[in-house]
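Subject: Handing over the three-chain model

Hi there,

Here is the structure I promised to pass on to you. Please open it next to this email, and then read on for what I found in it.

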Amino acid sequence: MSSPEALLLTTGLSRAFGGLVAVDSVSLQLDPATIHAVIGPNGAGKSTLVNLLAGEVKPSSGSIRLRGEDITGWKPDRIARRGVARTFQHTNVFPDFTVFENCRLAAQSRNVHLMRWLKPAESYREWNDAARSAMAMADLGARAGVPAHSLSHGERRALEIAMSLATAPAVLLLDEPLAGMGAEESIRIVALLKRLSADHSILLIEHDMDAVFALADRLTVMVNGAVLASGSPNAIRANAEVQAAYLGADVPMTAL
Amino acid sequence: MADPEHPRRSTVSDRVITWWLVLGILALAIFPAIAEQFYLQLITKIMILSIFALSLDLLVGYAGLVSLGHAAFFGVAAYTLALAAPASDPPNLWLTLPLALATSAVIALVIGALVIRTAGVYFIMATLAFAQMVYYFFHDTRLAGGSDGIYVNSRPSLEIGSIDLAQDLHFYYLVLAALAGVFILLGIVLRSPFGRALQGIKANEQRMRALGYPTLRYKLAAFVLAGTLAGLAGYLAAAKEGYVNPELLAWHQSGMVLVMLILGGMGTLFGAVIGAFSYVLLQEWFSNLTKHWQLLMGSFIVLAVLVLPRGLAGLGRSIALRRRLSASRDDVEP
Amino acid sequence: MEWLIQILNSVQYGLLLFLVASGLTLIFGIMGVINLAHGSFYMIGAYLAFALVQWTGSLWTALPLGIVLAFALGLVLEILLISRLYRRDHLYQVLLTFGLILVFEEMRSILVGDDVHGVAIPALLDASLPLTATLSYPVYRLFISGVCLVLAALMYVIIQKTRLGMMIRAGASNAEMTQALGINIRWIHALVFAAGVAMAVFAGMIAAPVSSVFPGMGNQVLIICFVIVVIGGIGSLKGALIASLLIGFVDTFGKVVLPELAGVAVYLLMAIVLLFRPAGLYGRP
């Protein structure tokens, strides 16, 4: 069932808020160099799942393993330092800092020493370089000096992704990265994610079915907090239950 | 024009800041030549309070930690000097100052460790309550003179050449050097990775954690640093007045320094100094008007909060911003 | 049997504290405002009792008069000042209410002076209830406990069982939605604030006969209320009640057992709670 090389593995992961079971015994795995998309109707528990994986929320039961290490119940910063980066569904950047500073600060998180207090932050070339390449990947290089609050919505979503890239993660948890983006921007981000999947593992929450089927190596469908089906995109597309519950007529008929 | 390779929040203001800093220090350095004894002492007092305000600015303005118990570290250092001072000889500055700073740092570490996991209002209330505990410790016990306080019989000695800190003029320059030193130190720290992380934490702590920063450790470090610098101010205050009592630790002191920050504006370092000057000068003016000056001060504070959301320094900034905006109205942002 | 007296004292002290602290925690829980001047209302209550008893001759007439005045003061403050703090950072709430403390203290100084006063226990309650052959307990203190219990029960009933309470709770969790439903959230806020002020003032008034009326009493009670709210958890009345009683016991028995460290005991308790529950016993983390 579970591959020994799985990068991220959840077993029976559950989270209840009082009487409401938001995530119901979800077992899934994220393999290296894979894009694993999680889809499902609103309220299916997808965002809660991301929060569980990122450590923002503690599971009620079940376990999470990262490269075999049990990270269940770990705080978000500890998980992040292990090489997991996440983006937020509602854009969560530093509005008053420039795009460059947002990325530089993200890159600086790899700093091990707490009390680096003497040299100016911007004199550390490794973080500057990491920030610049992250911005370049997200096509934000031209906007480096712009404060984040002046960015368009799509640019801000791109900045979210750039920030997570600046931390040189092994795993990316992306919560609806394309939400609210125009067609052009979406195409660029989809291409970026395709490139990234070569050496990152990506867990992708998305509603944009075109993007999902263009990117996903594996699909998991969640409904009411539980996994309805999980498998290859073609298998999921053919799954009658999934069609009834979620996909309907919006499914692209041909694989790319 | 901002350089994208090394973007700062504004390259212009950096040069301006340095100029104002140099001018300020020069002005303060020349001041004694033209001023009478009374004003010398007044400005010394203001400079000491500026250090106190700067230490709190680090905490409130940059790390986003609103502490209502900062006077505890101020007072503890003052008491350390008073208790460590020998009966007849002047205390040695090189021995007593590090001791006082260390005491403040330790107390800050202990209290900080207890309160740092609390957030928002809990933090405010908990810092206040722990500071009160320290206050009651000094007020109710006979360890350090109780509510009567104790005297510091002579000013510390520097043991360098003919510098005699008992002379107000020499002491003035010592305090000026300390103020300049603290200002420069904070400037360096705030530009460092540590300082940037603090500002990130203030802006969005959740995001910082999601990026992998152990935010609690950063906040605790800031708390201890701020407490130590407050201790420096407290030491100088005790040395200046020659007397310490529990009121140095009272939460009115903590409230007062917070008021200075809002008057001057937080998160600008200069604002702390402006705020200290404004507060003391205001207090002098109000005291001359009536013995019930606290009524005037209280009303002023209420008005200031309602009318000046970013303090006097913020006022200056928004004027400058408006001028820059109207000047560049024809520039199209890419 | 002496312990029974200390137990009764603890309960009385705790319940009195609860009356004051409940206002503080409600105002924060419902409107998100931290009000440093809350202790001042307690002080105002005590001095008001002194002044009104001198004027009218009886605590029984002073009490309702004081409540009405307090409620009016609360409404005026809320409408003019507090309502402007709802959307602002806690820092500014702290500063403005700190300014209010200075104003209140100085006003009291101007109007009534800085002297320490006493207020006589009303004749009706100036008796002692015999507990054993040798020990008796002041009826007035039982009266205080009784009144506080009644008010606590009243608070519970109003908030949990009435439509008004439902609106208050709705406003606390989602002000905009409640407003959209047509409920006048502004009046609710004004009401809650005024009620909080009235309770603190009332507490000061009934406490006046057993504790002296002195200038620093407001600050003293404020700090303890902060400790109560931190221990009990912000916005939680249940937490405030439990914490108040806890503090009542720790403080009372602390003074009996270890008078030197009694003042510190309360803060030690807070430190312990903070180590394990940074959001208080019943607070939402």
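Below are my notes, going from the chain contacts to the details inside each chain.

First, the ground rules: this is a predicted model, in which local features need pLDDT of at least 70 and side-chain atom pairs count only at pLDDT 80 or more, while totals for chains, interfaces and linings use all residues. Residues are numbered from 1 along each chain as its sequence is written, and chains are lettered from A and ligands numbered from 1 in the order in which they are written.

**How the chains meet**

Two pairs of chains are in contact, and chains B and C share the most contacts; here two residues are in contact if their C-beta atoms, placed from the backbone, lie within 7 Å. Chains A and C do not touch, and their nearest C-alpha atoms are 12 Å apart.

The contact of chains B and C draws 35 residues from chain C and 35 residues from chain B. On the side of chain C, helices H4 (90-111), H9 (217-232) and H11 (262-276) each supply at least two residues. Helices (H or I, at least four residues) and strands (E, at least two) are DSSP runs, numbered from the N terminus. H4(C) gives the most to this side, with 16 residues. By type, the side of chain C that touches chain B holds 28 nonpolar, four polar and three charged residues. In this scheme Ala, Val, Leu, Ile, Met, Phe, Trp, Tyr, Cys and Pro count as nonpolar, Asp, Glu, Lys and Arg as charged, and the others, Gly among them, as polar.

The contact of chains A and B takes 31 residues from chain A and 27 residues from chain B. Helices H2 (76-81) and H3 (99-108) of chain A each supply at least two residues of the side of chain A that touches chain B. The largest share of that side, five residues, comes from H3(A). Its residues divide into 16 nonpolar, seven polar and eight charged.

**Chain A**

Chain A has an open sheet of four strands in the order E2-E1-E4-E5, with antiparallel pairing; two strands pair if DSSP finds at least two bridges between them. E2 (20-30) and E5 (69-70) of chain A are at the edges with a single partner strand each, so one side of each has no neighbour in the sheet. E1(A) (residues 8-17) and E4(A) (residues 61-66) run antiparallel and are joined by five bridges. Leu8(A) stands opposite Leu66(A) in E4(A). Helix H1(A) (residues 46-54) packs on the sheet and touches E1, E2 and E4 of chain A, and its direction makes about 65 degrees with that of E2(A). Axes are lines fitted to C-alpha atoms, for helices over the stretch in contact, and angles run from 0 to 180 degrees between N-to-C directions.

Another strand to look at is E9(A) (residues 218-223): five of its six residues are buried, so E9(A) is largely enclosed by the rest of the structure. A residue is buried if 20 or more other C-beta atoms lie within 10 Å of its own, exposed if 12 or fewer, and partly exposed in between, with C-beta atoms placed from the backbone. E3(A) (residues 35-39) runs parallel to E9(A), with four bridges, and Val38(A) has Thr220(A) as its bridge partner in E9(A). E10(A) (residues 226-231) runs antiparallel to E9(A), with five bridges, and Leu219(A) stands opposite Gly231(A) in E10(A). The hairpin of E9(A) and E10(A) has two residues between the strands, and Asn224(A) takes a positive phi near 55 degrees there.

**Chain B**

Chain B contains twelve helices and two strands. Of its 334 residues, 51% are buried. Trp94(B) sits in helix H4(B) (residues 93-115) and counts as partly exposed because it has 13 C-beta neighbours inside 10 Å.

**Chain C**

In chain C, the axes of helix H1 (residues 2-31) and helix H10 (residues 237-257) come within 7 Å and cross at roughly 140 degrees. H1(C) and H10(C) are therefore oblique to each other; angles under 35 degrees count as roughly parallel, over 145 as roughly antiparallel, 65 to 115 as roughly perpendicular and the rest as oblique. The residues of their contact divide into 14 nonpolar, nine polar and one charged.

Best wishes
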